[in-house]
Amino acid sequence: MCLAERIPEQQELRKKLLRETCDGDRDAFTEGKHSSDDLSVEELDNLIVDDKHCIIYCFIPKVACTNWKTVMFVLNQSKPYPDPKSINVDLVHDIDKLIYLNAFPKEEIEAKLKNYTKFMFVRDPFTRLISAYRDKFLQWHDEYYYRNFSREILRLYTNLTNPPQTVKEASVTELHPSFYNFIQYLLDPRTEEKQPFDLHWKQMYRQCHPCLIQYDFLGHQETLQQDAKQLLKMLKLENDIKFPPSYENMTSPTSVSEWFGTVPLEDRRKLYQLYEKDFRLFGYRRPGELLDG
């Protein structure tokens, strides 16, 4: 039997803000859709299901998603559950190792969305972009991101007409797009005309549809360990599994200002507009020190 405990006041405040913000301009947040029934199969790509405990988790890359995917993977094993720290992280990013909501028939999808405990975790939108940039553009191991993104960004926003073909060639001279080049790419209207944003920088509300799906728990990266503990208690799993320890968040408020120091004021303002819905829905402060010249 699936059980869930009452959740603390902070959760109620986060959910209240989300509901009120959604209700204030529903069409803007839902692109004209009226309920979760209107979401396409592709729009449910981020929702992972655990039928044993009646849980649905909407993952967002760069928001503790490896740790939560590991927890979801472990919960699908037999008791006593293995320690999440012992699981190879490559395993949980293999799409076949987890169960996704859109693998079920429509009637089952609707029933699970109605009856299961649903949770998601979010993060300050600008800090998340810095994290995505550092992970995907400053490492020299990811051929996919170099070929599909770095090379194109270098070609479009620097004076290089023919950047190196491979990540190995680029690593010889430590060639990579600057943070500002990445922001130029995000702001360029041609980017999403060509293909949707990659999940690592796609707006959070566009991945989990919180104005159409009523989440029972909204976690924040900034209070990750505390929120994880609360959530596992609410799911009555606190004695069965321990959330993995997280790496120290290397992006402090001071360093956010440093990163954005390379981005002209007008482009910072445009970027805020691009991610404003995430700021508003999830209760993140408008960063006036970056936007008010």
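**Exercise 1. Find which residue forms a salt bridge with K112, and work out which parts of the chain the pair ties together.**

Solution. Step one: K112 forms a salt bridge with D51, and the closest N and O atoms are 2.8 Å apart. The criterion here is a side-chain nitrogen of Lys or Arg within 4 Å of a carboxyl oxygen of Asp or Glu.

K112 sits in helix 5 (residues 106-115) and D51 in the loop between strand 1 (47-50) and strand 2 (55-58), so the pair ties together parts that are 61 residues apart in sequence. Helices (H or I, at least four residues) and strands (E, at least two) are DSSP runs, numbered from the N terminus.

The whole structure holds 20 salt bridges.

A word on the model before going on: it is predicted, so local features need pLDDT of at least 70 and side-chain atom pairs count only at pLDDT 80 or more, while totals for chains, interfaces and linings use all residues. Residues are numbered from 1 along each chain as its sequence is written, and side-chain values use heavy atoms, with hydrogens and water left out.

**Exercise 2. Describe how domain 1 and domain 2 meet.**

Solution. Domain 1 covers 9-124 + 204-235, and domain 2 covers 127-199 + 256-280. Their C-alpha centres lie 27 Å apart.

Step two: count contacts (heavy atoms within 4.5 Å). Here 16 residues of domain 1 touch 12 residues of domain 2.

Step three: take the buried area, meaning the accessible area (1.4 Å probe) that two parts lose on being put together, summed over both. Between the two domains this is about 1400 Å², with carbon and sulfur atoms giving 53%. On the domain 1 side, K62, D124 and M204 lose the most area to domain 2, together 37% of what that side buries.

Step four: look for charge pairs. There are 2 salt bridges between the domains. Elsewhere in the listing, E192 pairs with R206 in a salt bridge whose closest N and O atoms are 3.0 Å apart.

Step five: ask which elements take part. Helix 1 (9-24), helix 2 (26-30) and helix 11 (204-208) each supply at least two residues of the domain 1 side that touches domain 2. Helix 11 gives the largest share of that side, 4 residues.

**Exercise 3. Locate the cis peptide bond and the residue other than glycine with positive phi.**

Solution. Step one: a cis peptide bond joins K79 and P80, with omega about -10°. P80 is in the loop between helix 3 (65-75) and helix 4 (89-92).

Step two: C54 is not a glycine, yet its phi is positive, near 55°. C54 belongs to the loop between strand 1 and strand 2.

Key. Domain bounds come from an automatic or database domain assignment.
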